[in-house]
Amino acid sequence: LGAEVKYRRLVIVSDMLQNTEEFSQYQRIVPFVEFKRTEYYLRVRADLAQVDVEIIYLRREEGRQGKDHIEFWQEYFADCGGTLVSAKALQG
């Protein structure tokens with residue numbers, strides 16, 4: 001019998017709008033493939049191997065969030081080895 005694979009669970013409560021001097025999603029949501037080519041990504045990439053991620057998504061009225069934003073994070077988590085299993089929206 002093989003070794004049992006244990007998954008971890010990460011729950012994030014956030015609007016998920018990254019906003020630093022080096023990278024901001026307040027102006028526009030760039031495709032993940034574009035973000036992945038930045039030096040900033042190499043510094044902030046997390047090891048999420050075997051991690052199931054749940055987002056409690058605090059919605060903002062500005063309209064930057066939506067399908068493209070969720071897809072960005074889904075691709076980010078996958079690239080880091082994790083899986084986005086749910087994103088539940090709440091009004092923020």
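The accessible surface of this protein chain comes to about 6,300 Å², and 48% of that surface belongs to carbon and sulfur atoms. Please keep in mind, everyone, that what you see above is a predicted model. Buried residues make up 32% of the 92 residues in the chain. As for the overall dimensions, the C-alpha atoms fill a box of roughly 50 × 30 × 20 Å, taken along the principal axes.

Let's walk along the chain. There are three helices and three strands, and in sequence order they follow the pattern β-α-α-β-α-β. K6 sits in the segment before β1, and it is exposed, with a relative accessible area of 61%.

Now let's go inside. In soluble globular proteins, nonpolar side chains tend to be buried together. Here, the largest nonpolar core has 21 residues. Which of them touch the most other members? They are M16, F35, V53, I55, F72, Y76 and F77. The elements giving two or more residues to this core are the helices α1, α2 and α3, along with the strand β2.

Take I55 as a guide to the packing. Leaving aside its neighbours within four places in sequence, I55 is in contact with I12, M16, F77, L84, S86, A87 and K88.

A search of the whole structure finds 15 aromatic pairs. One of them joins F23 and F35, a tilted pair at 4.3 Å centre to centre with 45 degrees between the planes. This pair links distant parts of the chain, since F23 is in the loop between β1 and α1 while F35 is in helix α1, 12 residues apart.

Y40 counts as buried because its relative accessible area is 11%, under the 20% cut-off. Stepping back, ring pairs link F23, F32, F35, Y40, Y41, F72, W73, Y76 and F77 into a cluster.

Several of those names belong to our last stop, α3. This helix has 13 residues and reaches 18 Å from its first C-alpha to its last, close to the 18 Å expected at 1.5 Å a residue. Which residues of α3 are buried? The answer is H69, F72, W73, Y76 and F77. Seen down the helix axis, these buried residues fall within an arc of 125 degrees, so they line one face of α3. Why does that spacing work? An α-helix has 3.6 residues a turn, so residues three or four places apart point the same way.

On the face turned away from the buried side, α3 carries the exposed residues K67 and D68. Finally, just after α3, look for G81, which takes a positive phi of about 100 degrees.

Notes:
Residues are numbered from 1 along each chain as its sequence is written. This is a predicted model: local features need pLDDT of at least 70, side-chain atom pairs count only at pLDDT 80 or more; totals for chains, interfaces and linings use all residues. Side-chain values use heavy atoms; hydrogens and water are left out. A nonpolar core is a set of buried Ala, Val, Leu, Ile, Met, Phe, Trp, Tyr and Cys residues joined through side-chain atoms within 4.5 Å. Buried means under 20% relative accessible area, exposed over 50%, partly exposed in between (1.4 Å probe, protein chains only). Helices (H or I, at least four residues) and strands (E, at least two) are DSSP runs, numbered from the N terminus. Contact means heavy atoms within 4.5 Å. Rings of Phe, Tyr and Trp (its six-membered ring) pair if their centres lie within 6.5 Å; planes under 30 degrees apart count as stacked, over 60 as edge-to-face and the rest as tilted. The expected span of a helix is 1.5 Å times one less than its number of residues. The arc is that of the directions from the helix axis to the C-beta atoms. Accessible areas come from the Shrake-Rupley method with a 1.4 Å probe; for residues, only the protein chains shown count as cover.
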